[in-house]
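Work through the exercises below with the structure in view. Each task is followed by a solution in steps.

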Amino acid sequence: CRRHDCTVFDQIVTGYRLAIQDFSPPPLATMDRLLSASRHYFAPRLFGADNVDPQRPALFVGNHGLYGLIDSPLFVLELYRQTGVFPRALGDRLHFRVPGWGPLLKRWGAVEGNPDNCTQLMQAGQPVLVFPGGAREVAMRKDEVHKLVWKKRTGFARMAIEHGYDIIPFASAGCDEAYRVLIDGNDFQQSWLGRTLLKRPRLDKLLRGGDMFMPLSRGVGPTLIPKPEPLWFQIGTPISTAPWAGKQGEPDACWEARETVAESIHSMLGSLNQKREAARQQGWRRWLL
């Protein structure tokens, strides 16, 4: 009986792993059609695609834009278009608890972001995409435009080191400027309503102490329609994890790898913002041709 239980458990685990690994990217034409309106509205541009080797799986690591619904699909689309690489996205667990939304994300290759799922993808040699800032980064504060909000997270570095994956840093600029944040998480935490709600254990856990409070913003005029801010993406030089090989269990090594990636993204954001400001002053049209 005990042996039977182990066999059943092994079958369940094997089936789960196959479900995670068994994925075929959608046709580019399908993605183009589904994201056509968004592409025309935000006019995305991707720089640095030559830093991607389609034959070498890597972990793509970048900054997440406000709300996280605009930048991610367009980055994946442009990456797919220029390189043929369609990364599997690691998402916050809350996404997969929402009826309808969770299954939709899975259909497009996303999986819940945890070490086991990441291990399954990397063991299968699949490209992976992660935003270390997660839900906290999409819940942007007023002073966090184009900033990394990663807290002390090093999990992505640990996984890349353990599986010998290169880390490909990328920067995303523009999404944070599509809205103007009116009330952010800091305002909520300091308000009477916020203090009252966060005293309730269930709400405090759901909102993660207020970190998960999505800012109230406005886009075009007083509406929630985002401003047509051009989205620019920059892919940086791959960062080999070979210098930290075998050190995935050492906090200092993981932190050093994490900071190397963060510095690359900060540098690219600075460069992108300078180029975008020049484009804004000269008129976007010339830059969008």
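On a 1 Å grid over the protein atoms alone, a pocket is an open set of points where a 1.4 Å probe fits, with protein on both sides within 12 Å along at least five of seven lines. Its volume is the space filled by probe spheres set on the points. This is a predicted model, in which local features need pLDDT of at least 70 and side-chain atom pairs pLDDT 80 or more, while totals for chains, interfaces and linings use all residues. Residues are numbered from 1 along each chain, and side-chain values use heavy atoms, without hydrogens and water.

**Exercise 1.** State how much space lies in the largest pocket and describe its lining.

Step 1. The space is about 1,500 Å³.
Step 2. Lining residues have an atom within 4 Å of a point; there are 49, and Ala-89, Leu-90, Gly-91, Asp-92 and His-95 lie nearest the centre.
Step 3. Helix 8 gives the largest share, four residues (helices are DSSP runs, H or I, of at least four residues; strands are E runs of at least two).

**Exercise 2.** Find how the axes of helix 6 and helix 8 cross.

Step 1. The axes, lines fitted to C-alpha atoms over the stretch in contact, with angles running from 0 to 180 degrees between N-to-C directions, come within 11 Å and cross at roughly 35°.
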